[in-house]
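Trainee: I am new to this structure. Could you walk me through how to read its features, one at a time?

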Amino acid sequence: MHPNLVKRTLLTGAALAVLAACGAGTGDGPDGATRAAVPAPAKKTVKKPAVDGLPGMPPVLDPKDVYAADRPNRLSPVVRDFPSRVYVPNTESDTVSVIDPRTYQVIETLRVGRQPQHVVPSWDLKTLWVNNDRGNTLTPIDPRTGKAGRSVEVHDPYNLYFTPDGKYAVVMASLDRELVFRDPHTMKRVKTEPVTCYGVNHADFSLDGRYFIVSCEFSGELLKVDTEKMKVVAQQKLPFQGAMPQDVKVSPDGKRFYVADMKADGMWIVDGDTFGKPAFLHTGKGCHGLYVSRDSRTMYVSNRGEGTVSVFDFAAGEVTDKWRLPQGGSPDMGGVSADGRVLWLSGRYNSEVYAIDTRTGRQLARIKVGSGPHGLAVYPQPGRYSLGHTGVFR
């Protein structure tokens, strides 16, 4: 071999040996080359929600106030352009009176099914459902236009609620003695939960949405229902002879449920979690409807048997004021205006509706409507979604 060629070969071999030695470091590269150490990516910390709510339920905004989404005029984009109206179901006239709250005038009367009991906002806020109890139908109203649509067949729909996840409508079939879980849009029956009490009618859900408390008007009982299982898990008889529980409302902190009783003339106060023996607070004759103020500090209690409204202070745990309708009346079911300044109540036995100033308790208007006005709905109202009745929003 030529001397220069031998020299070149030796140099090449030496270079290859050096490269091989360099590559023998970690051997973790694709070609055996050493790579700089890369720190492992930091694990993402998943922040747990303040309240372990029912799966699928919108997160609780404030664990100390279940009504945090209901502040004055905080309207969802879904309802922001809806005209403000008061929808009054007249049980004996089979109609719904539509009131313009600015003028206190009835601007339209809608013909619906037999014995409409309540006007109920849907979970998604897009529809108002008229509960035609004896007609065995639900009539939809488009709150954008105020027009009624084609009725849907639903047996014994005395009242209507929606689970917090929006998955089911819950029909309070009072005479059938059933809680009927249905598709919230088509109203097709999904599950029927028979009950042993009589007269299921009103309800409200826990802070976490995992259970709800139901009143049974004609047997004086309360039920506790597991929302996800759609099953009654507890039941108790109220400790008053002839008790007739009506509206149900949870406290802002979610620790207590208030149950109006029109025969005991006051509210039962129940710990929802333990479902133990309730305490009692007198409000007035014929205690019936319960409506929370926009600041979550007070609750308006309609006393149908004496024509008054009691103002209950949540923090103090007592009635701090009582408003009396100047010409008497029968204040029943209703709701609070979007700005929180007016309480609207139906006059069940007087064929009229009352508008009351929530700052002073002064009557602003008495409006003649059809016969037997009952569960009127003020709409729209603040909130992200509806749990039903005449407007229970979260």
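Mentor: Gladly. Let us begin with open spaces: on a 1 Å grid over the protein atoms alone, a pocket is an open set of points with protein on both sides within 12 Å along at least five of seven lines, while a cavity is a set of points where a 1.4 Å probe fits but cannot get out; lining residues have an atom within 4 Å of a point. Grid points are joined across faces, edges and corners, and a volume is the space filled by probe spheres set on the points. Here, the largest pocket holds about 320 Å³ of space. It is lined by 20 residues, and Q117, Y158, E217, F218 and R348 are the closest to its centre.

Trainee: Before we go on, what kind of model is this, and how are residues numbered?

Mentor: This is a predicted model, where local features need pLDDT of at least 70 and side-chain atom pairs count only at pLDDT 80 or more, whereas totals for chains, interfaces and linings use all residues. Residues are numbered from 1 along each chain as its sequence is written, and side-chain values use heavy atoms, with hydrogens and water left out.

Trainee: How many residues of the largest pocket's lining are nonpolar, polar and charged?

Mentor: For the classes, Ala, Val, Leu, Ile, Met, Phe, Trp, Tyr, Cys and Pro count as nonpolar, Asp, Glu, Lys and Arg as charged, and the others, Gly among them, as polar. The lining of the largest pocket has 5 nonpolar, 9 polar and 6 charged residues. The second largest pocket has a volume of about 270 Å³. Its lining has 14 residues, with S84, P101, S337, D339 and V342 the closest to the centre. That lining divides into 8 nonpolar, 3 polar and 3 charged residues.

Trainee: And how many cavities of 30 Å³ or more are there?

Mentor: A search of the whole structure finds 2. The largest cavity has about 190 Å³ of space. Among its 16 lining residues, D70, V292, R294, Q381 and G391 lie nearest the centre. To read the strand names, note that helices (H or I, at least four residues) and strands (E, at least two) are DSSP runs, numbered from the N terminus. Strand 21 (287–292) and strand 25 (331–336) each give at least two residues to the lining of the largest cavity. By class, this lining has 7 nonpolar, 6 polar and 3 charged residues. The second largest cavity has a volume of about 90 Å³. Of the 17 residues that line it, V60, V66, R384, Y385 and R394 are the closest to its centre. Its lining holds 11 nonpolar, 2 polar and 4 charged residues.

Trainee: How should I read aromatic pairs?

Mentor: A pair of aromatic rings is described by the distance of the centres and the angle of the planes. Rings of Phe, Tyr and Trp (its six-membered ring) pair if their centres lie within 6.5 Å; planes under 30 degrees apart count as stacked, over 60 as edge-to-face and the rest as tilted. There are 13 aromatic pairs in the structure. One of them is the tilted pair of W268 and F280, with 4.8 Å centre to centre and 55° between the planes. Because W268 lies in strand 19 (residues 266–271) and F280 in strand 20 (residues 279–282), the pair ties together parts that are 12 residues apart in sequence. F82, Y379 and F393 form one aromatic cluster.

Trainee: Which charged residues lie over the faces of Y198 and Y211?

Mentor: A charge sits over a ring if NZ of Lys or CZ of Arg is within 6 Å of the ring centre and within 35 degrees of the ring normal. R177 lies over the face of Y198, at 4.4 Å from the ring centre, and K224 over that of Y211, at 4.3 Å.

Trainee: Which cysteines does the disulfide join?

Mentor: A disulfide is a pair of cysteine sulfur atoms within 2.5 Å. The count here is 1, and it joins C197 to C216, with S to S at 2.1 Å. C197 is in the loop between strand 12 (189–194) and strand 13 (200–205) and C216 is in strand 14 (residues 211–216), 19 residues apart. Both C197 and C216 are buried.

Technical notes: Buried < 20%, exposed > 50% of the residue type's maximum accessible area, 1.4 Å probe, protein only.
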